[in-house]
Structure formats: structure tokens, C-alpha cells
Amino acid sequence: MCISCVMRSRLFWIFAIIYSSLHNIGSGSTSTTLKRPRAGDPFDTFPKNFWQEFSSPFTDTPEDEELEVTETTTHEPFPFFADPYTTVNISTQLSSNVYLHCRVNDLQGKTVSWMRRRGEDLTLITFGQHTYSGDSRYSLEFEDPNDWKLLIQFANERDEGPYECQVSSHPPLVLLVYLTIIVPHVEILDERGSATPEKYYKAGSTIELQCVISKIPHPSSYITWRHGPRLLNYDTSRGGISVKTDMLPGRALSRLYIANANRQDTGNYTCMLGNEITETVVVHVLNGEEPAAMQHANGTRYSARPSTMVVFFLLCVYACVYGRTVATGHPFGR
């Protein structure tokens, strides 16, 4: 037997003993006794899957990497509205400025848009921070950290209706905002609380007019009085002018007093809420003479016109002449 063959055989048996020991330790065996191979069959004591394990490619997958793979499967945060409701009702006064709020959390790069709904049609107003509406009264104002506010300036009755704030997620998020425009009602009354388009005062008396405004959700606009084009609220040139305004729940009452009225105080008096809500009454100041048109309690008036007086005079003359003719047979008597 050659020396190289002997050395190769010894190395083989040393390797077999080491592998068998390790295999017994891994299987939980406490015995250290190694069975000797049968003559002519040195592989009889090897496990059946030895060559499969020995020939399989070596793979080393640390447990950390498995955990990292698991963590990457979690979903990213989904956008949601900060307010707990998806439908909002807002009321505003005619000609006022109004904000429609849309607060979105965890936007994650998604885009917020405002749209106007009319029936089945949707009209784009804003996309992100850009405004696409041809109406310059509409604009987008973003307020940190999450409020995408739609501003409508000088709101009018055509602005009333539903608006939608949409987030470009999958599926998209939609917040519905319904805007109601309240048109206040203005009425001018006299000192007795009667409504009339014209009012007569004697010179030296006090003009007293009341302006009653109802349907005011938020009385933010100031009530003003004008005599023709002249503003009376802060008029100090004439003297004797007083304006007192009371803001009440849902309505307002403003009183105008002008002491020692004279002919210069004749004209149109207008009560104004903002620039569009107005009501006007005509005031006449007379210097002691009886007016040509006198008001009655029922609000009607009688006017003695010159043409009416002429007709009445002619009828009287005719009646007088006709009576004399019948009585004497001569138009002027005998």
C-alpha cells in the first residue's frame, strides 16, 4: 500500500469521526461513543441526507434581514380630514367675504383641489395652491399646518350652493361644503313705527327715522345713514345729528335724529348695510305752510292740483248761471 493512500485513508476517517461527533451533539445525544464502520462499508454510519447537506449551496440569511423585509411591507399613512365630519353647512351675509375650510392631515404629497358642483357638473376652482377660476373673487389661501382655505370675496346670491374639497388619494377623499347666502331685509319706519316712502315735518321739529334690518347672521357690516351723498354718522358740520345703532340677535336697529329741521334737510335719506343693502325715504321740511300733499293715517295722500281747482270753479259758475236761468228765464236775472 502506498504512503499517499494511507494518508488519504487516515484523513478520511478523521473527517468522518469529526462529522459524526458534531452530528450527535446537534441531535441532542449525550453519548460520545462512535460506532465503528462495518468492514468494507465506511459510509454506513453517515446520515442518509449527508451528501444532500454536504452538496447543498451555503446560504447565510441573518435574522435581522428577515425582520427588515417584514417591516417594509407596512402601509404608509393615509390622508384624512382633521374635522370628524364630511359635510359642512356655512352661512354668510350678502356682499361679505367668506372662507371655506378644508383641513387635511398626513397629505403625503397628495394634491388638494376645490370644485364647484352644479347638478352633475363639477367646475375646477383651485388645484394645489393655484387658482383656475376665471372669477377673480375666488382664491386659495393655505394656512399652516393643514388648512386649504377657499376665499370668496363679496359673496352674492349666485355663489350659493355645494362646494367640494377633494384629496387626490386612492380612493379620493371628498369634503362637501354647502354655502348659504343670506340677504338681509331693510325697512325705514317713522317715529310711530309706520313704513312710508315719504315723510313731512314742520320746520323746527325733530326728524326721527328708524332703520330695521333683519336676517343678519353675523352683523359685521356697519350701518350708515346718508342724506343724498352726504354721510351723516360722523357729520359735525350741521350739528344736532345723532345716530344710535343696536345690534340684536339676528337683526339690527338704527335710529337717526335731526334736531331743529329746516328746508336744507329736505331730500332723500338712505339707510345702508355695507354697500348693497339699502332703503330710502323722502323727507319734506315745510316752513309753517300747509303742504301740497298731506298724508293720512292710512298712508294715502290727497293732492289739490291747479287743474282740479279750475274745473271745480267752472262747475260752480255753471251751476250758478244755470240756476238763475231756470228761476228767472234770464241768465243774469232781472
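A residue is described here as buried when its relative accessible area is under 20%, as exposed when that area is over 50%, and as partly exposed in between, with a 1.4 Å probe and protein chains only. By this criterion Cys-271 is buried, since its relative accessible area is 0%, and Cys-211 likewise counts as buried, at 0% relative accessibility.

The structure is a predicted model, in which local features need a pLDDT of at least 70 and side-chain atom pairs count only at pLDDT 80 or more, whereas totals for chains, interfaces and linings use all residues. Residues are numbered from 1 along each chain as its sequence is written, and side-chain values use heavy atoms, with hydrogens and water left out.

The pLDDT, which is the predictor's confidence in each residue on a scale from 0 to 100, averages 78 over the chain, and 63% of the residues score at least 70. Over residues 29-34 the pLDDT is below 50, and this stretch has three contacts (heavy atoms within 4.5 Å) beyond near neighbours in sequence. The pLDDT is also below 50 over residues 293-305, a stretch for which the model shows 18 contacts beyond near neighbours in sequence. Where pLDDT is low, the predicted coordinates should not be read in detail.

Two disulfides are present in the structure, a disulfide being a pair of cysteine sulfur atoms within 2.5 Å. One of them joins Cys-102 to Cys-165, with an S to S distance of 2.0 Å, and this link is left-handed, with -75° about the S-S bond. Cys-102 lies in the loop between β3 (98-100) and β4 (104-105), while Cys-165 belongs to strand β10 (residues 161-167), so the pair ties together parts that are 63 residues apart in sequence; strands (E, at least two residues) and helices (H or I, at least four) are DSSP runs, numbered from the N terminus. Both Cys-102 and Cys-165 are buried.

A disulfide also joins Cys-211 to Cys-271, with 1.9 Å from S to S, and because the torsion about its S-S bond is about -80°, this disulfide is left-handed. Distant parts of the chain are linked by this pair, as Cys-211 is in strand β14 (residues 207-214) and Cys-271 in strand β19 (residues 267-273), 60 residues apart.

Six strands form an open sheet in the order β2-β11-β10-β5-β6-β7, with mixed pairing, where two strands pair if DSSP finds at least two bridges between them. The edge strands, each pairing on one side only, are β2 (87-93) and β7 (130-131). Strand β2 runs parallel to strand β11 (residues 173-182), to which seven bridges join it, and Thr-92 stands opposite Ile-181 in β11.
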